[in-house]
Amino acid sequence: MNKFRNRIMEAGVDFPACYQCGKCTAGCPVAFAMDYGPRQIVRFLQLGMWEEAFSSHSIWLCTACDTCSTRCPRGVNPAQMMDWLRVEAGRQGIVAEPKVKIFNDTFLKLVEKYGRVPEVELVIRYNLRSGQVFKDARLGPAMLRRGKLHLIPRRIRGIGSLRQVFKRVKQ
Ligand code: SF4
Ligand code: SF4
């Protein structure tokens, strides 16, 4: 598991520096819903418990708000840690929150396609892929009437440049 240790540290996560003060978890707006707060996830890494970290729900529930990294007195960067663990867990096919992954993947696919997110297409694709076809469907008509939803998706200008960004990230 040393390969993970080196790679996550190269990505800017200094988990050995953590002295377990708990400021990250205390400020995390999602900690109430997590199975392990960011402080505990950092501790997993210090103890070499990589499987526990990869299989936690927390890494999928993190909203990347950066509060933990801002508060951390040791420069550990727990927000980057969550992001790195989520990407690596996804690569390994360990997905504790499948619907979150479906939403993230669908969202990014649409950004790559249009340069923005057409809400109607996002909801339809997400609902179909996550097996909850009519989720939030009753909100649609009212939102359409108020002009909050657009049925025809439009691409941004300069979509080619954006796709180059996606291509480079994938490489
Ligand atoms: S705030 Fe930083 S030092 Fe404190 S527990 Fe969290 S990661 Fe560790
Ligand atoms: S970045 Fe994630 S772990 Fe850190 S405070 Fe925000 S939601 Fe919590």
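Reader: Into which domains is the protein divided, and what are their bounds?
Author: The model is predicted. Its bounds come from an automatic or database domain assignment. The protein is divided into domain 1 (2-91) and domain 2 (98-163).

Reader: How far apart do the C-alpha centres of domain 1 and domain 2 lie?
Author: The two domains cover residues 2-91 and 98-163. Taken between their C-alpha centres, the separation of domain 1 and domain 2 is 29 Å.

Reader: Which residues come nearest to ligand 2?
Author: The shell around ligand 2 has 15 residues. By class, 11 of them are nonpolar, 3 polar and 1 charged. Those that come nearest to ligand 2 are Cys28, Cys62, Cys65, Cys68 and Ala79.

Reader: Which element gives the largest share of the shell around ligand 2?
Author: Two or more residues of this shell come from each of helix H6 (67-71) and helix H7 (78-91). The largest share, 3 residues, comes from H7.

Reader: Is Gln46 buried, exposed or partly exposed, and why?
Author: Gln46 has its place in helix H3, residues 38-46. A residue is buried with 20 or more other C-beta atoms within 10 Å of its own, and exposed with 12 or fewer. Because Gln46 has 13 C-beta neighbours inside 10 Å, it counts as partly exposed.

Reader: With which residues is Gln46 in contact, leaving aside its neighbours within four places in sequence?
Author: Contact here requires C-beta atoms within 7 Å. Phe103 is 57 residues from Gln46 along the chain, and their C-alpha atoms are separated by 31 Å. Leaving aside neighbours within four places in sequence, the contacts of Gln46 are Phe15, Pro16 and Cys18.

Terms used: Residues numbered from 1 in each chain as written. Chains lettered and ligands numbered in written order. Predicted model: local features only at pLDDT ≥ 70, side-chain atom pairs only at ≥ 80, totals over all residues. Near = placed C-beta within 6 Å. Helix = DSSP H or I, 4+ residues; strand = E, 2+ residues; numbered from the N terminus. Nonpolar A, V, L, I, M, F, W, Y, C, P; charged D, E, K, R; others polar. Contact = placed C-beta atoms within 7 Å.
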